[in-house]
Every structure is written in structure tokens, then in C-alpha cells.
Amino acid sequence: MSNGPLIAYTNVGKTFANGGVVAVDDVSLDVAEGEFLAIVGGSGSGKTTLLRLANRLIEADSGSVMVEGEDVRNVDPILLRRRIGYVFQSGGLFPHFAVGANIGITPKLLGWPAAEIAARVDELLALVQLDGAQYRDRLPSELSGGQRQRVGVARALAARPRIVLMDEPFGALDPLTRDALGDDFRELHRRLKLTTVMITHDMTEALLLADRVAVMHGGKLLAQGTPAELSESADPYVEKLLHTPRRQAERLGKLLPRDGAA
């Protein structure tokens with residue numbers, strides 16, 4: 001573990017429409033090495049903007065963003081993105097590239113030998129539980145939503161990044177696939193010792209997957225902490241977000257018999 005955070009936002013601000021829309025408002029947030037952080041909030045809360053500031057898909061107007069001890073403004077954005085894994089909501093695969101070519105695109109851009117790329121593609125397909133012989137040469141259109149997202153995760157991991165950013169990675173999937181993929185990625189996060197930042201609007205998903213949850217609303221960071229720490233927050237918006245999973249748990253507890261009960 002490093003002494004400092006792997007990602008550090010300090011007094012970061014970002015506006016759009018010539019300053020008319022405040023997307024991120026003086027946010028300071030650290031992400032420790034090896035941590036799984038979920039950033040939760042509704043549409044327009046600024047959570048996706050905050051995520052994209054880390055790899056310079058969006059440039060901050062004020063404050064600083066540090067990644068692996070470097071101010072991102074001093075790092076070439078292309079090189080920065082090649083060392084940070086990024087998982088899009090819908091997989092974001094290149095439609096005319098086969099699965100193997102999609103996964104191998106970043107190592108190819110980094111100049112890896114073809115044999116090493118091929119071996120890495122097979123390794124990653126096994127890691128995300130897809131049979132290489134069956135899926136390597138398929139186009140994205142020939143895959144299910146869950147399979148496309150598994151390929152998207154494999155592509156994000158291809159160049160062995162320490163950091164993975166995930167933008168609503170499971171939001172478009174059916175509940176069973178979403179649950180399975182969430183559990184599988186959490187295991188990959190642990191096994192590969194990744195540092196993960198995940199954007200989601202689903203508080204239940206955030207609480208179940210993340211070590212720590214940050215809540216954004218109106219561009220501001222309202223609260224951050226473990227699930228237990230968030231449950232003690234007096235902020236009305238945080239309480240509202242926590243109400244749904246609590247109510248669902250209570251209703252399910254009444255509707256479903258306990259394990260082993262008649």
C-alpha cells in the first residue's frame with residue numbers, strides 16, 4: 001500500500017455552458033490504494049463528471065486531480081487513459097472488431113508483441129468466465145448484454161492497470177446478470193488488488209459492492225463513508241437514498257420465509 005491516496009480530488013470544480021451549469025462544486029475526495037469506492041447520486045449530480053476528471057476525458061476548471069501521485073494536468077491524456085482501465089455502461093465495444101481485437105486494443109497501442117497480446121486475451125477471457133475458443137472471434141453484436149459487459153471488463157484490465165473506473169457498468173443489465181457480474185467483478189477487484197471507482201445511481205448496489213460510498217447531489221459531495229457510517233448521516237438526501245434499500249429489505253424479510261422455515 002502507498003502512503004498517500006491513489007486518486008485525490010482537491011477542491012475540484014467543473015462547469016458547463018459557459019459557467020451556467022455547475023457539474024462539480026468544490027469537491028475533495030481521496031481514494032486509497034486497493035479501495036472499492038462507489039459514487040452514488042441521481043442524474044445531474046456530477047458523479048460521472050467527477051469520474052471522467054480522473055482520466056482527463058473532462059478537464060477540471062479549478063482544483064487538482066492527482067493520480068498515482070501525479071497531477072493529471074502534467075500527464076499526457078492519451079498515456080494517462082492507457083494506464084487506467086475504463087468500463088462503460090454498455091460495454092463501449094468497437095462494433096466491427098471481434099472480441100479478441102477489442103480486448104487487445106490497448107496492449108496493441110502500447111506496442112506489445114502480437115503473441116503476448118494473444119496470450120493476454122485468452123487469459124482475460126478465462127478471467128471473466130468466457131471460453132476463448134467460443135468467443136474470441138465473435139463480434140459484439142453476437143453477444144448478450146452480459147457477455148458484452150464481461151468483454152468490456154476484460155478490455156479495461158488488458159494492460160494490467162492499477163486503477164479501474166466504471167461508469168454505471170451494470171445498469172443496463174437484467175437483475176440476475178447484474179447481480180452475478182457485480183459479484184464477479186468484486187472478486188476480480190480483490191484478486192487483482194485493483195483500485196476501483198464505480199458510478200451508480202443504485203444505492204443498494206453501492207452498499208453491497210463497495211468498501212466506501214460517496215454521495216453526490218447538485219455537484220456537491222454530501223457524505224462519504226462505509227455503509228455503517230452513512231447510516232448515521234443526518235443529511236436529508238442521504239437518508240432518502242438509504243430509505244429504499246432499507247424498505248426493500250424490510251418488505252422482503254416479511255414476504256420471504258427464513259432459510260429452513262416451512
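This briefing covers the pockets and aromatic pairs of one predicted model. Local features need pLDDT of at least 70, side-chain atom pairs count only at pLDDT 80 or more, and totals for chains, interfaces and linings use all residues. Residues are numbered from 1 along each chain as its sequence is written, and side-chain values use heavy atoms, without hydrogens and water.

**Largest pocket**
- The largest pocket holds about 440 Å³ of space (a pocket is an open set of points on a 1 Å grid where a 1.4 Å probe fits, with protein on both sides within 12 Å along at least five of seven lines; lining residues have an atom within 4 Å of a point).
- Its lining has 18 residues, and Arg81, Ile84, Tyr86, Phe88 and Thr106 are the closest to its centre.
- Eleven of the lining residues are nonpolar, four polar and three charged.

**Second largest pocket**
- About 320 Å³ of space lies in the second largest pocket.
- Its lining includes Pro175, Arg178, Asp179 and Glu205.
- By class, this lining has three nonpolar, two polar and five charged residues.

**Aromatic pairs**
- There are three aromatic pairs (ring centres within 6.5 Å; planes under 30 degrees apart count as stacked, over 60 as edge-to-face and the rest as tilted).
- Phe36 and Phe185 pair edge-to-face, at 6.1 Å centre to centre and 80 degrees between the planes.
- Both Phe36 and Phe185 are buried (under 20% relative accessible area, with exposed over 50% and partly exposed in between, using a 1.4 Å probe and protein chains only).
- Phe94 and Phe97 form a tilted pair, with 5.4 Å between centres and 50 degrees between the planes.
- Phe94 is partly exposed because its relative accessibility is 40%.

Technical notes:
Grid points are joined across faces, edges and corners, and a volume is the space filled by probe spheres set on the points. Ala, Val, Leu, Ile, Met, Phe, Trp, Tyr, Cys and Pro count as nonpolar, Asp, Glu, Lys and Arg as charged, and the others, Gly among them, as polar. Rings of Phe, Tyr and Trp (its six-membered ring) pair if their centres lie within 6.5 Å; planes under 30 degrees apart count as stacked, over 60 as edge-to-face and the rest as tilted.
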